[in-house]
Amino acid sequence: MVKSLRGMNDILSEDYERFTYFINTATAVAQKYGFHFIETPLLEETALFKRSVGESSDIVGKEMYQFTDKGNNDVCLRPEGTAGVVRAFIQKKLDKAGGIHRFFYHGSMFRYERPQKGRLRQFHQFGVESFGVGSVYEDATMIMMVADILKACGIGYKLQLNSLGDQNCMPQYRDSLVSFIESVEDEICEDCKRRKSTNPIRVLDCKNEKCQSLYTKAPKLINSLCENCESDFTKLKKILSDNDIEYEIDTNLVRGLDYYSKTAFEFVSDDIGSQSAIAGGGRYDRLVEFLDGRPTPAVGFAMGIERLMELIIMPESKRNGYYLGAMDEDAIDIIIKLTHNKRNSEKAVCDFKAKNLKNHLKGADKINAQFCCVIGTNEIKDGTIWVKDLEAKSEKVILLKDF
Ligand code: HAM
């Protein structure tokens, strides 16, 4: 038997209900914030991710589904959504047009990671990208939007916050961090030795316990922010407090993608095991320019839908719509016509086989219909239909013309 690939899941039945419920809820919130839908291709040139997410990141270095297509192009399945949206933004010349452009999207992302609970190779994100607003109010707005989506889904969280500085303060900090790393180089893991030359701040994110304990003494970027980054970070914290959004500062939060500057944030849940990050994002003011666009400030986030599906509190599902069935072969044509008419305004599902009443009631229950409507020999004779309201638990026989 051919099975799905490791780390790639089918989504159906109850899972599908959770999946669509989350997307509909998040979409409604994003629209309230004035964001518009954008769809970008699943397949992009590999260079797009190398130049944005960064060659030194695990995502690009180890986890891409990369191949040469029949036209000899180096392509890959998107590991995340931001790079494609930025490419589309530049390609449509919105950078040159100026102004504010705000998008949301959802869809599959692909990372060749080691699958485990909450970590898939094909997973789904709901994401948001905002272009053209340099003010820290937009960073706060992003965080509020995640908080609103989580609240609407009944999901509790912890918000972790950091500032990664900008081109003024980051290089200086990087130098002092490299000096620190050199002072403990004999004791750190091989990955961190490599990170020292490729992207030193990534060491702060190392999962190795020995490294982690060494880095508690590392210089903290948050203590070396330039005036502008410092004042933006202070402002952000105030806006969040003013709006009752609790946060904790995590000076080791560096995110796994290279494009961030200034604000970086992650929402985590204590209720889903080790893969606890349910959303992550931040500011990426240099990325449009790195991808050959006109310099444009930008900020965004993405949420991991599979992880959220574990946590969503679903509203009680109410019975709705009609189930129609025949107890006699001769009634099937009538049932099909009635079902077709009902569908103008309601959910209506019919069974094409003549069955006894008990089986029709089971069928109605299975699709969570409110009304089970059945025609047998008596009803054919009288021009009527038997209707049971499964919610109110009442039944009656009505004339077909009144149905
Ligand atoms: P990210 O932190 O790599 O950020 O991913 C965002 C979310 O996707 C994570 O918090 C997690 O919930 C989910 N996720 C990531 N990898 C997996 C996986 N292997 N299996 C299941 N869920 C996963 C980004 O992708 C950025 N593009 C976010 C962003 C948008 N930043 C600015 N704009």
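Predicted model: local features only at pLDDT ≥ 70, side-chain atom pairs only at ≥ 80, totals over all residues.

Reply:

Glu-138 belongs to helix H6 and Arg-102 to strand E5, so the pair ties together parts that are 36 residues apart in sequence. Glu-138 is buried, at 5% relative accessible area, whereas Arg-102 is partly exposed, at 24%.

Asp-139 makes a salt bridge with Arg-283, with 2.7 Å between the closest N and O atoms. This pair links distant parts of the chain, since Asp-139 is in helix H6 and Arg-283 in strand E10, 144 residues apart. Asp-139 and Arg-283 are both buried. Through shared partners, salt bridges join Asp-139, Arg-283 and Asp-285 into one network.

Helix H6 (residues 136-152) lies across strands E5, E6, E7, E9, E10 and E11, and runs at about 20° to E11. The sheet is open and mixed, with eight strands in the order E1-E5-E6-E11-E10-E9-E7-E8. Strands E1 and E8 stand at its edges with a single partner strand each, so one side of each is left without a neighbour in the sheet.

The largest nonpolar core has 97 residues, of which Phe-22 and Tyr-215 touch the most other members. Helix H6 gives the most to this core, with ten residues. Among the residues that Phe-22 touches are Phe-126, Ile-149 and Cys-153.

Key:
Residues numbered from 1 in each chain as written. Heavy atoms only, no water. Pairing = 2+ DSSP bridges. Helix = DSSP H or I, 4+ residues; strand = E, 2+ residues; numbered from the N terminus. Contact = heavy atoms within 4.5 Å. Axes fitted to C-alpha atoms, helices over the stretch in contact; angles between N-to-C directions. Core = buried A, V, L, I, M, F, W, Y, C linked by side-chain atoms within 4.5 Å. Buried < 20%, exposed > 50% of the residue type's maximum accessible area, 1.4 Å probe, protein only. Salt bridge = Lys/Arg side-chain N within 4 Å of Asp/Glu carboxyl O. Lists of a residue's contacts leave out its neighbours within four places in sequence.
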